Each structure stands twice: as structure tokens, then as C-alpha cells.
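Opening the notebook on this one.

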Amino acid sequence: MLSRVAENLYWISRYVERAENVARLLDVGFHLELDASGLDGDAPGADPAPIASVLSILACRDAFERAHGPGRLDREAVMRFLTFDRGNDQSIVAMLGRARENARATQETISAEAWHQLNRLHFYLQGKKARRRFADSPPRFLQGIKRACILFDGLVDGTLPRTEIYHFLQLGRHLERANQISRILSVKLHGLREGGPVVESPLRIVHWSSLLWSCAAYEAYLRDYHDRVDPEGVVRYLILDPEFPRSIRFCVSRCLESLRAIAAGDGFGSEAERCLGRLDSELHYIDPAEIFERGLGRFLSGVQDACNTIGDEIHQAYFFT
Amino acid sequence: MATTPPQTRLFDRYALAGYDEMFAGPGQVRPHYRALHDRLVRLGPEELEHRHRAADLMMRNQGITFTVYGREQGVERIIPFDPVPRLISPSEWDRIEQGLIQRVRALNLFIHDVYHERHILRDRVVPSELILGASGYRRECVGLRVPRDIYVHVSGIDLIRDADGTFLVLEDNCRTPSGVSYVLKNRQVMKQLFPLLFAEHNIRPIDDYTTNLLAVLRHIGPPGVDEPVVAVLTPGVYNSAYFEHSFLARRMGVELVEGRDLFFDSGQLFMRTIRGPQRVDVLYRRIDDDFLDPMTFRPDSQLGVPGLVAAYRTGRLGLANAIGTGVADDKGVYPFVPEIIRYYLKEDPILPNVETFRPQIPAHRQHILANLHQLVVKAVDASGGYGMLIGPASTAEQRAEFARRIADNPRGYIAQPTITLSQHPTLVDHHLEGRHVDLRPFVLCGETVKVLAGGLTRVALPRGSLVVNSSQGGGTKDTWVLRAGPPKRSEAP
């Protein structure tokens, strides 16, 4: 496979995954604000914290302030910035636009079904319909985007043979997902005390639940943990669960599988494979208590550093030949 | 019993003019069009419009677009698609097919001769200065042997029909003609939209085009290479025909490469893959000669590959089409093609040219200048409907401008009588109206010469317009070459 094509495929799924995440985070934030404004009398929606936190997760708070000036974060403005603002390269429109542009340049490799899905989504976002739906009901719009992105993943799963093409798409998707989960955890846990006992206030429960919602994990978690939303359980679930498709451990394992499938013909392991293997075994064998002893924040930034290194090494091994 | 449905309005506004593809006279449907005509009448305007919209949506979602430049960024458009197919009868097609095979065989021999012995120039059948001064002439190719002596592997020969219905060759395209992907996609869309029509007609299939193209490309692989690696070379995603490049690569199951994916090493061309360099043996290149290799042609080309021509020269790389084929489709050379056919094949041309005047000949020049208001004047090195004067539609100022240009550069222009192209029923706002059409069949030249059954019918959508180019608002139709005999099966409506 051409290196350029491999790189395109890898980025297509990274962008789609990220767009889906932005949609989910905004959707959760939107609902959380509705809840919070009812519960917390001290801050009646003056500072739209949950939606503003999405800016931090995506590391584009500075960009927002450059565009809109510092000071109060207007909820409406943040929502627009992250959905339809073409000038913001982290917006849903910009990311799906790039995913589609990459897919256009590699449409002969991915299946027609998968390409048509991205193309249709792109035209939908360019048209009036998307803006109308957003104006009517942001959650409906956001859920539509989420579904469209998941449909793309499904089409990839259902139509592509398990060749390098498929594995580069998987690699991008899962690496991005692992990265996003760790960022969500870092930002959302920032305000909450790490490890120690937690005051059981209604607002806190809302926050922990929203963390689960942000990773599409709420219902799956409850099935496993029998409706105890406690911080340690949540953290353990989102980082270490071997079965849940949006846990860091699950995603890292998938990355490793795909990378091994790609490298199969080569007979030599790349540096990327070594880094991934190391992260994978750490997540397999670590004692959950150790995460809290080390400090959750430090642990998560370790994961993010590893993901970045792995991304760089993948570029070195396959895209710069 | 059903009474006559009210939808017969489809043809109410239909006016005959010139040669009409469907009607021999008022109310007289040509025999090979009868089944289609009756089916259209039964479908009615609403249903036809509905399916037309469905076709547009299908094409847009599938990314069957081309890029229009001019505004800040390229805008992607679909080429307007007309749902009324164009039909060609078996006997009409036989003649077209024979004529095209003859023409392409002669053009191949001509290009070979021009870059080698030059018999035709020495025998003064074609003036030397015309060839050596042609913008498509590449002196780098003099004496260069190309694989199997094939130059024009893929050509698109534009045909039109005059008022008597005679097919004439308007233009040869021997470099990188595009449009074949629309032919294949149009057919696919039509099958989805009008399955019944297909059941009612006996239509020659066209799906084998990409298989045949791949066979042609493998045929020109370097000697000694059993399984040549073929790739399609595209200028990239911003090229207006990018959809076609990617479509052809997908259908042939080969890589679609850009110049930056390739490099030259030890006499051979390689692709950069995730497993390191992989050899490339044959390129179906969709980049113009000038941009292929910055070491040989334009040094500022970002699209090409340094060393590509070196690999071609030593026979380690097959190229389709060959370099320098532009001498054959030069508009200045066009008037000589009938003579070229006679010279090499000792046969009379089956498909005539359009009568053409050359300003270099004093008598012709006088005729041109005196009759500019009736003629079409074309710049020899322009294409796509640019650089043209259509006499009957021109202003006195435009005519004066062209008269001056012709006097300054007689080699740069040709003139032809304005031919009213044949017209074909075309959907225009719930009605069928006559619109002018041409036909671009595609010819493949490998071990044998094969013509795709049909081709791209382009239709000039504005009323009265004679310009069918997509860059000038032209649309396309599916083109059906009918086989003799009844359809394989027929069904009740």
C-alpha cells in the first residue's frame, strides 16, 4: 500500500473519531447544564462549565479566546465554535471536512459504501438542513452526527476485508479514542479530588455520571457495577476494563492487534509496536490501587505521552518511507 | 380499459429542427426509438422529473463530481445528467466502429512515422512545418521506440451529426481524453432508475471497458516482466477529472499514484509503500506531457517524477498514452487526417471530417475572412470550447478581433462551417425539448483495437447552444448501442 494512502486512512478515522467525540461531549455538556442550573443555585448557568470544558479537552480554549475575546464563555458561542466554525480546525465541520477530503483522495481503497457515507455527511453539513436542525435542537443535531460517525465505523467493519487498509483505519480510530478518553478523564477529574473520599452531593453524582456519558459508558457501567457510581469504579472502568470498547485498555489492545497485522509481512517489529506493547502490558497487569497511589493525573498524562510517541513512531515507520 | 393517460404532455412543446435523433418527421418516431418513446409517454413528466432528481442525488453522494475553478476555491459540481438515453441503431454503430478503428490505426502509424522515418513529411502529404511547429510535438521523442509501437492507447474521438444525419469527426483526442467514467456511471445510474427500459431493449454492455483497459496497460509492460505492476498517475485530488482517475484505479484494482508517491532509482520507477519501495512497470498517466518529468520538460512541475522519462527511454517503464501524441490531435493537423488514412492504410476514410479551411492557404484565408459570420473559428492549441468564435452568434467586434488574430498567426487557427448538431429529446422543466448533442466514443488500442460500445453523449443544455463541453454548461446522457434482435426478456409495464 502507498504510504500516502496509509497515512490518509489513518487520519480519516482519527478525524471521524474526534468529530464523534466532540458531538458526544457537547451533547452531554448540554444536558448537564440543564441539570446543573436546576441543582446548583450558586452558579445559575452564568459560566457554562461543562460545555466550556470541552474546549479544554480539545485543547482549543486559547483558540476560542483569540477568536471571541477573553472573559465570559458564552454557551451559544462555544457550541457554534465547536460545530459549524470552519475557522476552528477542531470543529465538527472542519474535522469531517478533512476526513472527507482524505477519503476523496483515497476513495479507490476504502469501500464505496464507506466513502459515500463520509461524502453524504459532508454535503449534509454544508447544506441548510444541518444548520436548521442545530437551531431547532442541538441535541438532535449532535446525536445525528454521532450516529453518522458510528455508521461510518460500521460500514468499514461490514464492507472492508481485513487487509492493511482496514487495519490502518482501526489503528487511527483506536489510538484517537484512547487519547480522547485519557483527555476527558484528565479534564473532568481536574476539579474533583483525586483518590480520597468524596462527598456524596447530588452535583457530584451528576458529574461522575456525566463522565460515563461522555464515554458512552453509562449503561454498560451500571450493568457491571450495579448502580454504584463511585469515582474509583468509574476510573477503573474507563481505564482498565478489558471488554468495554471505550476503555483505554481495550483501545490500546486493538491498536496493538492492528499494528501487528500490518507488520505481519515484515518480520521486524517497529518502535511503535514496542511502545504499544509496553503500554498494553502495563494496562493489563497494573494494580488499580497503584494508579491512585501514583496520582491519577500523572498516570493519565503518562498515557497521553505514550499515545503521542506511538503516533510519531507510526509516522516514522510507515508514512515517511 | 385505461384511457389515454393525461401525461402525454411530455412531448407537447417538442419542436423539430435539423436532424432529430428520435423523430424522422412530425409524429414519426424512428423505429429503434419506438419502445423508448412509448415508455417515456407512459412514465409522464412527474415520474421522469422524480427519477431525474434521484439520479442527481445518487451522483452527488457518490462523489461523481468535477471541480470548477474561478471562484476563491474550486467548487465541486456534478455534471448535469439527462435521464433520456441516446440510442444508436446496430447499423449506425457498425459504421462508427469501423470508422474509429480505421482512424486510430492510421493515427498510430502517423505518430510512429513522425518520430522516426518521416515518410509522410518527405512525401509532402502533410507539411513538415505544420508538424514540427505543432504544440504537441516533442522532439525528445524522435527516434524513441515505444513498447509494441503503440502510441495512442486510449483516445476519445468526438463525433457530430450534420443535418443529413451523417456522422462526422469533429475532433481527435489522443492525449488524455476524459469522460469514460461518466459513461460507466451513467449506465449504472440508469439501470437503477429505469430497470424496465433495460428489459425492453437489447443493449450492448460496456462494463468490460476497465478490464480491456487493464489488458492494454499490461500489454505494454517492459519485456521480461511477466506480471507488470500497473498504476494510474493523477495530478491529485484538485484536478477536475480526479473522480475519473480514482474510479478507473478502483475498477482495475491498481494503485492510484501521484508524482510524490514515485521516485526514480537505478533506471527504474518505484512507489513509496508502507513496506518500502515497490517497482512500477506501467503508468496510465493522466498528466500532460509537459508536467511528467521536470528533468525533461517543465522544470517547475510539481506533479511529475524526476527520471520518469529516463525509465521510459530505457524501456523499463510503459506509458499510456505515449509522449508526443499531441501531434495527432492538433487542430492544424486535423484537416489532413483523411489523407493520413489513405497514405498509411490505402483505404478511403469511413468517417468523414468536417470541411475545414486553413488560413495558411491564401484562397482559404480570403474565404474565411469574407465569411466569418457563418463560420466557426478555432484556435489550434485550445480545447474545452475555449478560444472559439462561433460566427452566427458573434458580434462585429469579436469578428474583427479574430480577423486580426488570423492575419497575425494563420498557423494558429482553422475555420469550419457552422454545423447544426443533431438534436435529442432532453428533459427541461417537466417537458422534453430538443437539445444539441455530440458523441465521444472511447477507443482502446492494445493487441487489437476495441471501441467501447457507445461513448459519452454530451448535450448542450441552454436552448440553441452548440457548445457541449462540461466546462461550458454541457450535460451528459447515457448512450445505448442497440443489438439486432429482440430483448432478452420483456415484461408488462
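**Entry 1: a glutamate in chain A**

I looked up A:Glu33 and got 9% relative accessibility, so I put this glutamate down as buried, the cut-off being under 20%. Keep in mind that I'm working from a predicted model. A:Glu33 sits in helix α1 of chain A. Which side chain does A:Glu33 meet in a polar contact? I found A:Arg75, with the two side chains joined at 3.0 Å.

**Entry 2: a leucine in helix α16**

Next I went to A:Leu296, which is part of helix α16 of chain A. Its relative accessibility came out at 4%, so A:Leu296 goes in the buried column too. I also checked A:Leu296 against A:Glu282: they are 14 residues apart in sequence, and their C-alpha atoms are 15 Å apart in space.

**Entry 3: chain A as a whole**

I then zoomed out. How many helices and strands does chain A have? I counted 16 helices and 0 strands. Chain A runs to 321 residues, and 56% of them are buried. For contacts in chain A with a separation of 6 or more, I get 68% from residues 24 or more positions apart.

A:Tyr10, A:Trp11, A:Tyr15, A:Phe168, A:Tyr318 and A:Phe319 make up one aromatic cluster.

**Entry 4: where chain A touches chain B**

On to the interface. I have 27 residues of chain A and 25 residues of chain B in the contact. The two chains bury about 2,400 Å² between them, and carbon and sulfur atoms carry 45% of that.

For polar links, I noted 16 residue pairs in polar contact between chain A and chain B, with both residues at pLDDT 80 or more. The salt bridge count between the chains is 3. I opened one that pairs A:Arg4 with B:Glu258, and the closest N and O atoms there are 3.3 Å apart.

Which elements of chain A give two or more residues to this side? My list reads α1 (3–39), α5 (92–104), α6 (112–126), α9 (164–190) and α16 (296–319). The largest share comes from α6(A), with 6 residues. Sorted by class, the chain A side has 12 nonpolar, 7 polar and 8 charged residues.

**Entry 5: aromatic pairs in chain B**

I then opened B:Tyr343 and B:Tyr344, which pair edge-to-face at 4.9 Å centre to centre, with 90 degrees between the planes. I checked accessibility for B:Tyr344, and at 18% this residue is still buried, because the cut-off is under 20%.

Terms used: Residues are numbered from 1 along each chain as its sequence is written. Chains are lettered from A and ligands numbered from 1 in the order in which they are written. This is a predicted model: local features need pLDDT of at least 70, side-chain atom pairs count only at pLDDT 80 or more; totals for chains, interfaces and linings use all residues. Side-chain values use heavy atoms; hydrogens and water are left out. Contact means heavy atoms within 4.5 Å. Buried area is the accessible area (1.4 Å probe) that two parts lose on being put together, summed over both. A salt bridge is a side-chain nitrogen of Lys or Arg within 4 Å of a carboxyl oxygen of Asp or Glu. A polar contact is a pair of N or O atoms within 3.5 Å; within protein, one must be able to donate a hydrogen and the other to accept it, and residues adjacent in sequence count only if both atoms are side-chain atoms. Helices (H or I, at least four residues) and strands (E, at least two) are DSSP runs, numbered from the N terminus. Ala, Val, Leu, Ile, Met, Phe, Trp, Tyr, Cys and Pro count as nonpolar, Asp, Glu, Lys and Arg as charged, and the others, Gly among them, as polar. Rings of Phe, Tyr and Trp (its six-membered ring) pair if their centres lie within 6.5 Å; planes under 30 degrees apart count as stacked, over 60 as edge-to-face and the rest as tilted. Buried means under 20% relative accessible area, exposed over 50%, partly exposed in between (1.4 Å probe, protein chains only).
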